[in-house]
Amino acid sequence: MRDPYRVLGVRRDAEQEEIKAAWRTLAKAVHPDQNQDDPFANIRFTEAGRAYDLLRDPDKRSKYDRAHRDAEVRREMELRRMEQMRRQQSARKTQPDPAQNASETAEDMVSRIFGVDARQQGPASGAAATAGATAQPSAGSGTGTGTGAAEKSASAKAQPAASFDESPSAPAPARRTIAAADIISGLMRRIRGTRPAVEKAPDLACDLTVSVEDLLKQAKMTLEVEGESLKVPLAAGTTEGTVIRLRDQGHRINDLKRGDAVVTIRVAPGAFRVDGFDLRTPLPVTIEDAVLGCETTVMGPADEPLPVTVPAWSSSDHVIRIEGQGLVDAQGKRGDLLVEIRLLLWERPDDKMIDLMRSLREGLYL
């Protein structure tokens, strides 16, 4: 359903009198009797009636306004979240990598414990050990006597140690504290052979407008979003407001798992109005048929005439139920078709009817 405020052409803070006046003007302009050559006149007339039925009821209008505001807030929050994630991704690419020890995570520590880092550092440590082994005999094999040889040997041993431990040009980076729970989780993932979950991009929220015929046929619809075509199946149990989640077909952000596409089904305005799994359709009835009753027909969702019995003295709030002519629910059972009586005045004023109505209103009896 389209925005009822836009359908009637009124502001969101419009008073009831303004809404009523807008509906009367629009109903006269799009009434099927006044537009017999327009095949879409009945659709526009039904849409105007639905918009007015919603806005004239304070409770329905309040619920719609609240749902509209909530949807706008959710959409704005989703956009802000996406923008924040994009900025974070850009900042990560522009920032230089910190020192390995300072940024060591639980996964890195577990890998180092299991010997990954030891294998990488094996050649370097072996070279250092070899150098120490070769330096030791050279220090003790000198032929000099007395204190000078001993001082030279002590000096030769002291210099490498000072250059390795006390070098002012390469201070040791501060190690980041890792929680014990993170280490245990890393160990469990290593044992089970799993990896930490990849952060997921935001979901893509969108609407898909379908017809009642599409729902009855359980068609597979195509939705174009951000240059991609999404295939949306209309399975049994789909109706107005149904949310369908398509896995891994949402937003794409670098270094993040692709989000989902969350599609909300909207039924296009037409000859039928969706009410859960029931369908509602108006039936224009003249005053004499509403007072005396009549036998008539109404077009069903399968585009076939269905017989309808209008009881005597039927008003505009009277509903006639035709079972098994609605939408299909998740259990395969069909809803009903609800025929709503709408009183219809004659195309031209009738003097006798005017006199009768005047006498009834003023208490005069002919």
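Q: What lies between S8 and S9 in the hairpin that they form, and which residue in the turn has a positive phi?
A: In this predicted model, five residues lie between S8 and S9 in their hairpin, and aspartate 303 in the turn has a positive phi of about 60°. Residues are numbered from 1 along each chain as its sequence is written, and side-chain values use heavy atoms, with hydrogens and water left out. Local features need pLDDT of at least 70 and side-chain atom pairs count only at pLDDT 80 or more, while totals for chains, interfaces and linings use all residues.

Q: What makes S6 and S10 the edge strands of their sheet?
A: The open sheet has four strands in the order S6-S7-S11-S10, with mixed pairing, and strand S6 (273-275) and strand S10 (319-322) each pair on one side only. Within this sheet, S7 (residues 278-286) and S11 (residues 337-344) pair in the parallel sense over eight bridges, with leucine 283 opposite isoleucine 341 in S11.

Q: Why is H2 called roughly antiparallel to H3?
A: Angles between N-to-C directions run from 0 to 180 degrees, with axes fitted to C-alpha atoms, and those over 145 count as roughly antiparallel. Helix H2 (residues 16-30) and helix H3 (residues 41-56), each a DSSP run of H or I with at least four residues, pack at about 170° with axes 9 Å apart, which makes H2 roughly antiparallel to H3. Their contact (heavy atoms within 4.5 Å) includes Trp23 of H2 and Phe45 of H3.

Q: Which helix supplies the largest share of the lining of the second largest pocket?
A: Helix H10 (287-292) and helix H11 (351-362) each supply at least two lining residues, and the largest share, five residues, comes from H10. A pocket is an open set of points, on a 1 Å grid with a 1.4 Å probe, that has protein on both sides within 12 Å along at least five of seven lines, and lining residues have an atom within 4 Å of a point. The volume of this pocket is about 280 Å³, and its lining, with Trp313 and Met353 among the residues, has nine nonpolar, two polar and one charged residues.

Conventions: Pairing = 2+ DSSP bridges. Points joined across faces, edges and corners; volume = space filled by probe spheres on them. Nonpolar A, V, L, I, M, F, W, Y, C, P; charged D, E, K, R; others polar. Parallel < 35°, antiparallel > 145°, perpendicular 65-115°, else oblique.
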